[in-house]
Amino acid sequence: MKKRKKNNTSFKETFSKIHRIIRGYKKSFILIILFCILAACFNSLAPYFLGYATDSLYNSISNKISFDMPYITKILSVVLGCYIMDAICTYFKSYLASELGQKIGYDLRRKLISKINKIKLSKLDTIKKGDIISKITNDVERLTDNLTAIVPDLVYNISLIIGVVTMMFILDVTLALITIIVIPITFILLAYIVKKTQKYFELNQKALGNVNSFVEESVTNNDVITSFNEEEYFIKKFNKESKNLADYGFKSSFYSSLAVPFNKAIGNVNYLIIVCVGSIRVINGKIRLGAIQSFIQYLKDFNKPMNVISQVISNLQMAIATIERVCEVLDLEEEENGELDDIVFNSSIEFKNVNFSYVKGKPVLKNFNLKINKGEKIAIVGKTGAGKTTIVNLLMGFYDNYEGQILIDGISIRDLDKNEYRKLISMVLQDTWLFEGSIKNNIIFDKKISDNKLSTILSKSKILHMIEGLPGELNFTINEQTNNISMGEKQLLTIARALVADPQILILDEATSNVDTRLEYLINHSMNTLMKNRTSIVIAHRLSTIIGSDKIIVIKNGQILESGTHEELLKNKGYYYDLYTSQFDINEEG
């Protein structure tokens, strides 16, 4: 009993997920269903009338009388009309289904991208990026193709079966009863095949996600693979993932396809029985010749939708597998958003007794307390893993599973509207993040800014000369093939992007790590000017870049070990002194 309850719950959950995706398109589905039913009705009526034309011709030949051409013409006109209406309804059904598939795909991809932007970063970090790409592209494509094929095919073929069976009973009850015996046999067979093959469809989709994830990682890190001469190792790993995909793909498609030949065999046996029994009944005068001709036509129409339904069941299994994967993303927990959207930064940023762990039991920040006054330039230093970037991540609101409080002007950032709050802040990371498009679009995005103002900002950020040396200047297109812009110059572009945003709070997380000494000097020179009247938080390994900070915060093991100006910390000869002198000694040795 428990097992049955579990299966019912699973079915309800799957149906609920399907309804969740298609509920906004009820009118379109209703129209498609209506045209499917009409097409099936017209298709079912045609053979019935055609039988009477056969009877008329047979009577004329057997009785040696002239053909009743007006009657035959009338019957054939009705039959032709039925087929024409069937074709028209089928056309509109196909047109609406194709249009609906594109709408669902478009809306679903839009929802998934929107969801990705709202998911808690702590959760997003645990998901393979290639698998997410696979869900948004391959799974959505398969889902929309299957959904917009399954509904019309099921409705049309079930309606056709109902129409055909109804007409069969009208023509001859005995032959109709013999025919419908195969229905429970067929559905028992389908239920068995579905039960045995569903797991392979799910494994196939999972394997496809793994392959996409592996390809994405391998292409992105191809230089690392090549530099370590590990091509063979990664080829073997890819072959293993690819073989899993091939194996599960074969099993899911082959086992599900077994329903078609079985149904065909059952249909052929049924056809043979009907022909034999029908012929005897015609000879005995229990059924008209035209009626048996119509019945045989109906028998073909009966077997065909049964085979189609078998294929539809296979598509449904694929749809269920893809729905589960798509809904995995749609069901991910979103970051909580505050209600306060009237945000003005007037006085200070404050961390109060903050404790945080990425992994439970492994604290990164421990009872962390820090106050940053508006307009201050604060530098955060420490060894790798000390918690420097974590401080910035928490301030940006990327993670909210921390203990304690992070306050802006005494208000918890948990209570603030994230979109409005983040407008106060611009962030430049160690890794460059440029998108395909022109340099201008990469810097300003959708912001409205005059070319003169942009040129002034680019000049102050010491990047204008580089841009002017490129073909097309600001309209120069950046893409994967771009190789005439160095890593340091790309970093300068991301810094210019942050300056265009004109934030009240500027965060630089190892922003000069990919810049050579000359560019580093230019950046620091411009930053000292641009950071005036702006609250700045700088994380840097190169301690020479933060000497002029108002306050230097030294972090060790998630706690503040020292704080003060550069001169004060050197005078104390503590942890910062050791960091600075060791770096200075290394530079001297170099």
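What percentage of the 590 residues of the protein chain count as buried?

1. Of the 590 residues of the protein chain, 44% count as buried, where buried is defined as under 20% relative accessible area, exposed as over 50%, and partly exposed as in between, with a 1.4 Å probe and protein chains only. This is a predicted model, in which local features need pLDDT of at least 70 and side-chain atom pairs count only at pLDDT 80 or more, while totals for chains, interfaces and linings use all residues. Residues are numbered from 1 along each chain as its sequence is written, and side-chain values use heavy atoms, with hydrogens and water left out.

2. The protein chain holds 20 helices and 12 strands, both taken as DSSP runs numbered from the N terminus (helices H or I, at least four residues; strands E, at least two). Among contacts with a separation of 6 or more, 78% join residues 24 or more positions apart, a contact being heavy atoms within 4.5 Å.

3. The protein chain exposes about 31,900 Å², of which carbon and sulfur atoms supply 57%; these areas come from the Shrake-Rupley method with a 1.4 Å probe, and for residues only the protein chains shown count as cover.

4. Patches are made of residues with over 30% relative accessible area and no salt bridge, nonpolar side chains (Val, Leu, Ile, Met, Phe, Trp, Tyr) being joined within 5 Å and like charges within 9 Å; a salt bridge is a side-chain nitrogen of Lys or Arg within 4 Å of a carboxyl oxygen of Asp or Glu. Y95 lies in helix α3 (residues 69–116) and is partly exposed, at 47% relative accessibility.

5. A surface patch of positive charge gathers K128, K206, K237 and K240, with the place of a Lys charge taken as NZ. One of these residues, K237, belongs to helix α9 (residues 231–257) and is partly exposed, with a relative accessible area of 37%.

6. Most residues other than glycine have a negative phi. N353, however, has a positive phi of about 50°; N353 sits in strand β1 (residues 348–359) and is partly exposed at 40% relative accessibility. N557 also has a positive phi, near 55°, and is placed in the loop between β11 (551–556) and β12 (559–564).

7. N475, in the loop between α16 (464–468) and β8 (477–478), is exposed, with a relative accessible area of 58%. N475 and N441 are 34 residues apart in sequence, and their C-alpha atoms are 8.3 Å apart in space.

Definitions and conventions: Lys and Arg count as positive and Asp and Glu as negative; His and the chain ends are not counted.
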